[in-house]
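Thank you for making the time this morning.

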Amino acid sequence: MYTLLNVTNIFENLPINIKAEVFEVFVSTPDIRIERIISKGHTSPDTGWYDQDENEWVIVLEGAGSLAFDGGEEVNLKRGDFINIPKNR
């Protein structure tokens, strides 16, 4: 017997006017975390880098984004592009 599961649409309930990025966790287990990050031109702080002890898979669903890495490498992403960022990168 199957249990009815809740269906959620990633494009629903989007906040309109945001002053900072919005992070919403959809799934969290010891092995994986899936979250929606809503950004409207937000950038990282001027000082320091994000440094995490886990890999991060990123996909752009709408718009575009740019990632700058500590070695000077920059990656530009457009709608549909995805990248797997190794931990501590």
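Predicted model: local features only at pLDDT ≥ 70, side-chain atom pairs only at ≥ 80, totals over all residues.

**Surface, core and charged pairs**

Let me begin with Ile-32, which at 43% relative accessibility counts as partly exposed, where buried means under 20% relative accessible area, exposed over 50%, and partly exposed in between, with a 1.4 Å probe and protein chains only. Residues are numbered from 1 along each chain as its sequence is written, and side-chain values use heavy atoms, with hydrogens and water left out.

Ile-32 is found in the loop between β1 and β2 (33-38); strands here are DSSP runs of E with at least two residues, helices are runs of H or I with at least four, and both are numbered from the N terminus. Ile-32 belongs to a nonpolar surface patch that also includes Ile-10, Phe-26, Trp-57 and Phe-82, and the patch residues together have about 980 Å² of accessible area. The elements that give two or more residues to this patch are β1 (22-28) and β3 (56-59). Patches are made of residues with over 30% relative accessible area and no salt bridge, joining nonpolar side chains (Val, Leu, Ile, Met, Phe, Trp, Tyr) within 5 Å and like charges within 9 Å, and the areas come from the Shrake-Rupley method with a 1.4 Å probe, where for residues only the protein chains shown count as cover.

How many aromatic pairs does the structure hold? There is one, formed by Trp-57 and Phe-82, and it is tilted, with 5.3 Å centre to centre and 40 degrees between the planes. Trp-57 lies in strand β3 and Phe-82 in strand β6, so the pair ties together parts that are 25 residues apart in sequence. For the cut-offs, rings of Phe, Tyr and Trp (its six-membered ring) pair if their centres lie within 6.5 Å, and planes under 30 degrees apart count as stacked, over 60 as edge-to-face and the rest as tilted. Phe-82 itself counts as exposed, at 54% relative accessibility.

Leaving aside neighbours within four places in sequence, Phe-69 is in contact (heavy atoms within 4.5 Å) with Trp-49, Val-75, Ile-85 and Arg-89.

Finally, the charged pairs: the whole structure has six salt bridges, each a side-chain nitrogen of Lys or Arg within 4 Å of a carboxyl oxygen of Asp or Glu. In one of them, Arg-36 meets Glu-24 with the closest N and O atoms 2.5 Å apart; Arg-36 lies in strand β2 and Glu-24 in strand β1, so this pair ties together parts twelve residues apart in sequence. Is Arg-36 buried or exposed? Arg-36 counts as buried, at 7% relative accessibility, whereas Glu-24 is partly exposed at 24%. Another bridge joins Glu-62 and Arg-79 at 3.7 Å, and both of these residues are exposed.
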